[in-house]
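Subject: Structure for your review

Dear colleague,

A summary of the findings follows it.

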Amino acid sequence: MGSDSEGIKLPVINFPDDLKENTAVWYSVKKQVHGALKEYGCFEALFDKIPINLRESVFDGLKQLFDLPLQNKLRNRSNKPYHGYVGQHPMVPLYESMGIDGAHIQEKMECFTDLLWSQGNPTFSKSIQSYSEQLSELDQIVRRMVVESLGLEKYMDEHMDSTNYLVRVQKYDSPKSNETKLGLTSHTDKNIVTILYQNEVKGLEVYTKDGHCITVEPTLNSFTVMIGDSFYAWTNGRLHSPRHRVMMTGDKARYSIGLFSVPKAGYVIKAPEEMVDEEHPLLFKPFDHVEFLDFYYTEAGQRSPAALKAYCGA
């Protein structure tokens with residue numbers, strides 16, 4: 001794809017602890033969010049409501065999880081693509097991940113933990129559940145700000161109620177060499193919003209609209225917020241859904257945890273009529289996200305450089 005763009009970095013946006021709607025601070029942050037998602041499709045968020053000790057506990061838990069025997073990890077099964085265990089793929093041999101549906105809900109998190117550990121792991125369960133619950137607040141703030149920025153307040157309740165949460169925990173093994181190797185192939189996310197937290201090992205690369213590559217500099221203080229194709233479609237292209245990939249080098253493993261707001265099965269994603277005009281013709285016909293994913297993981301969907309357009313382009 002494009003060449004590296006030295007000096008270009010993702011916008012950094014601070015979400016203060018006392019952020020309240022309809023205040024000067026809210027309007028200021030909202031303007032930054034809309035501008036970043038329109039131009040880059042992502043930004044780095046400073047969100048201190050999740051204490052550093054909880055963040056550290058999450059990474060300790062991820063290391064324990066991925067150190068489990070393979071037969072334990074394979075218990076994480078799902079009929080939904082990328083909701084179960086993924087690993088040992090010849091295209092991306094350094095990558096493995098697991099999905100946790102509804103990780104912000106205590107009972108669901110405990111069921112996942114009991115499935116993987118025969119004796120359970122209350123510390124892991126509690127830290128992931130608490131982390132997911134608190135981070136979902138940032139997802140809701142970002143989405144509310146987008147809806148307000150576009151003047152679509154009358155759709156607010158419907159939009160906010162249209163999603164569930166999926167957490168994906170991910171490990172990228174080190175290639176143990178100075179040669180850069182592929183960790184995860186270039187793609188766009190297919191959901192609404194992704195919020196990614198990673199340890200301090202580089203790897204994530206995000207492409208700008210003109211194809212230049214931005215290497216994300218990870219810190220333990222920030223979260224990467226990214227728009228998926230479903231939100232891009234719902235806003236009729238007013239936001240940018242960025243392509244991104246992971247490239248690995250060195251001798252340290254990269255751990256990350258992603259919170260995904262995912263459209264509910266049966267919910268039809270349709271751009272509001274206010275988003276369609278002469279300057280912005282309709283980009284996509286209404287579609288069901290789950291049915292779109294079914295297409296995306298077919299041979300035709302995987303071959304297509306723009307799967308959503310191939311599936312339901314207007």
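I begin with the contacts along the sequence: among contacts in the protein chain between residues at least 6 apart in sequence, 75% join residues at least 24 apart. Please bear in mind that this is a predicted model.

Overall form

The protein chain contains 10 helices and 13 strands. Its radius of gyration is 19 Å, close to the 20 Å that the globule rule gives for 314 residues, so the chain is as compact as a globular protein of that length. Taken along the principal axes, the box filled by the C-alpha atoms is roughly 55 × 45 × 45 Å. Of the 314 residues, 53% count as buried. The protein chain exposes about 15,000 Å², and carbon and sulfur atoms supply 49% of that area.

The seven-stranded sheet

Seven strands make up an open sheet with mixed pairing, in the order E1-E2-E9-E6-E11-E4-E3. At its edges are strand E1 (12-14) and strand E3 (95-101), each of which pairs on one side only. From one strand to the next, the twist averages 25°.

Within this sheet, strand E6 (residues 193-198) pairs with strand E11 (residues 254-263) in the antiparallel sense, over six bridges. Tyrosine 197 stands opposite isoleucine 257 in E11.

Helix H2 (residues 52-66) lies across E3, strand E4 (163-172), E6, strand E9 (222-227) and E11. The helix runs at about 100° to E11.

The four-stranded sheet

A further open sheet is formed by four strands in the order E5-E10-E7-E8, and its pairing is antiparallel. Strand E5 (177-187) and strand E8 (213-215) are the edge strands, each pairing on one side only. Neighbouring strands of this sheet are turned by 25° against each other on average, direction ignored.

Strand E7 (residues 204-207) runs antiparallel to E8 and is joined to it by three bridges. On the E8 side, isoleucine 214 is the bridge partner of valine 206.

As background to both sheets, strands of a sheet pair through backbone hydrogen bonds, either parallel or antiparallel.

With kind regards

Key. Residues numbered from 1 in each chain as written. Predicted model: local features only at pLDDT ≥ 70, side-chain atom pairs only at ≥ 80, totals over all residues. Heavy atoms only, no water. Pairing = 2+ DSSP bridges. Helix = DSSP H or I, 4+ residues; strand = E, 2+ residues; numbered from the N terminus. Axes fitted to C-alpha atoms, helices over the stretch in contact; angles between N-to-C directions. Rg over C-alpha atoms; globule rule 2.2 N^0.38 Å. Buried < 20%, exposed > 50% of the residue type's maximum accessible area, 1.4 Å probe, protein only. Contact = heavy atoms within 4.5 Å. Areas by Shrake-Rupley, 256 points an atom, 1.4 Å probe, with all protein chains shown as cover.
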